[in-house]
Amino acid sequence: MSLARARHGQTARLTLTGELTIYSVAETKAGLADAMRNADDLEVDLAGITEIDTAGLHLMLLAKRHPGKNVRFINHPASVLRLIDLAHLGSVLGDPLYLPASEPAARTP
């Protein structure tokens, strides 16, 4: 997992690349905590996430619920959207999500 930090006015931006899994979540949590110490408004770009598990989803929930901070997740890749949908947490995370329309069921003749 790699983290890139940038600042756009009052908003800090954290770009995550790689796996957001139980094996990398501790490192990611430390980088997220550091970014949150330095800004009340944080965008987390998820476009580079290649894999996510429940540990990564838990970290997202912790960040969203941090008192006094406005955390937004943007650019959700398909792997993140699938897990959010599976866990029914789209409304809890509160970010605009673009879920693909489901495929029509195959017809049997």
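This is a conversation about how the elements of one predicted model are named and described.

Colleague: What should I know about the model before we start?

Modeller: The model is predicted, so local features need pLDDT of at least 70 and side-chain atom pairs count only at pLDDT 80 or more, while totals for chains, interfaces and linings use all residues. Residues are numbered from 1 along each chain as its sequence is written, and side-chain values use heavy atoms, with hydrogens and water left out.

Colleague: Happy with that! What makes β1 and β4 edge strands?

Modeller: The open sheet has four strands in the order β1-β2-β3-β4, with mixed pairing. β1 (2-8) and β4 each have a single partner strand, so one side of each has no neighbour in the sheet. Strands (E, at least two residues) and helices (H or I, at least four) are DSSP runs, numbered from the N terminus.

Colleague: How do you know that β3 pairs with β2 and with β4?

Modeller: Two strands pair if DSSP finds at least two bridges between them. Strand β2 (residues 11-20) and β3 are joined by nine bridges and run parallel; in one of them, Gly18 has Ile49 of β3 as its partner. Strand β3 (residues 41-52) pairs with strand β4 (residues 70-74) over five bridges, also in the parallel sense, and there Asp41 stands opposite Asn70.

Colleague: Why is the unit of β3, α2 and β4 called right-handed?

Modeller: The word describes the crossover: with the strands pointing away from the viewer, the path from the first strand over the helix to the second runs clockwise. β3, helix α2 (residues 54-64) and β4 make a β-α-β unit of that hand.

Colleague: Why is α2 called roughly perpendicular to α3?

Modeller: The two helices pack at an angle of about 80 degrees, with their axes 11 Å apart. Angles of 65 to 115 degrees count as roughly perpendicular, under 35 as roughly parallel, over 145 as roughly antiparallel and the rest as oblique, so α2 is roughly perpendicular to α3. Axes are lines fitted to C-alpha atoms, for helices over the stretch in contact, and angles run from 0 to 180 degrees between N-to-C directions.

Colleague: Which residues make that contact?

Modeller: Thr54, Leu57 and Met60 of α2 meet Val80, Leu83 and Ile84 of α3, where contact means heavy atoms within 4.5 Å.

Colleague: Which residues of α3 are buried?

Modeller: In helix α3 (residues 78-86) they are Ser79, Val80, Leu81, Leu83 and Ile84. Buried means under 20% relative accessible area, exposed over 50% and partly exposed in between, with a 1.4 Å probe and protein chains only. Their cover includes β3, α2 and α4 (90-93).
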